[in-house]
Amino acid sequence: MLIMNNINKVFKTDLVETHALRDFNLKVEEGEFVAVTGPSGSGKTTFLNIAGLLEGFTHGEYHLDGVDISNLNDNKAAAIRNEKIGFIFQGFNLIPDLNLAENVEVPLRYRGFSAKERQRRVQQALEQVGLGARIKHLPSQLSGGQQQRVAIARALAGEPRFLLADEPTGNLDSLMARQVMELLEDINKSGTTIIMVTHDPELARRAQRNIQIVDGQVCDFSLYQEKQADSMDVVEQVAS
């Protein structure tokens with residue numbers, strides 16, 4: 001379970017304070033599939049980075065799987081991140097000179113698994129995403145959708161409880177995007193909690209729950225739509 005209470009994130013320069021998140025509150029139950037949407041600059045990526053323990057926050061409370069994240073040092077935060085969280089990004093971030101098995105294996109080496117355990121996890125993850133027969137292929141020999149599947153396999157090999165996806169279909173055509181979404185749905189059905197940032201309303205609707213972030217806060221989606229409609233009315237009145 002992920003619980004954020006009154007999370008604030010402020011970026012400061014000599015002259016300017018930017019509030020990326022303001023009194024941000026969110027609860028994600030174990031096994032949920034949550035889509036996060038909102039306009040550019042609304043705080044989606046900041047939220048995802050904080051959720052994934054990639055950056056800290058200014059104040060507030062964050063509990064992940066029963067652990068209070070607020071006062072953890074970098075080493076303890078990294079240990080929890082490596083054990084519990086998997087990441088999928090818009091860019092596949094594959095190493096071009098390594099084959100699929102080697103790409104999936106890289107983060108497992110850092111966690112100190114034995115060679116036998118690494119091999120088991122790599123094979124299982126690649127089979128789960130439908131690429132078990134291409135284990136020796138290089139990324140350049142795959143389509144974009146297949147490369148994203150490798151990136152998903154790399155995340156799954158760590159057997160995470162939480163999977164955080166930042167625009168995972170952003171570089172894919174509509175067919176490949178649907179295939180990747182179907183794969184994420186299957187992963188979620190197996191028990192993994194997924195939080196996905198997306199600009200695609202069709203993909204967002206397929207998640208179990210859709211939250212909207214506006215100006216660094218979780219916003220009621222219906223109210224946001226009304227606000228957008230009011231803005232368009234003003235624009236039309238001015239134009240006329």
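Tutor: Asn 5 stands opposite Glu 61 in S4. This is a predicted model, in which local features need pLDDT of at least 70, side-chain atom pairs count only at pLDDT 80 or more, and totals for chains, interfaces and linings use all residues. Residues are numbered from 1 along each chain as its sequence is written, and side-chain values use heavy atoms, without hydrogens and water.

Student: Over how many bridges do strand S1 and strand S4 pair?

Tutor: Strands are DSSP runs of E of at least two residues, and helices are runs of H or I of at least four, numbered from the N terminus. Two strands pair if DSSP finds at least two bridges between them. S1 covers residues 2-12 and S4 residues 59-64; their antiparallel pairing runs over five bridges.

Student: Which strands are at the edges of the open sheet?

Tutor: The open sheet has four strands in the order S2-S1-S4-S5, with antiparallel pairing. An edge strand pairs on one side only, and here these are S2 (17-28) and S5 (67-68).

Student: Which helices do the buried residues of H3 pack against?

Tutor: Buried means under 20% relative accessible area, exposed over 50%, and partly exposed in between (1.4 Å probe, protein chains only). The buried residues of H3 include Leu 100, Val 104 and Leu 108. An α-helix has 3.6 residues a turn, so residues three or four places apart point the same way. With contact meaning heavy atoms within 4.5 Å, the buried residues of H3 pack against H4 and H5.
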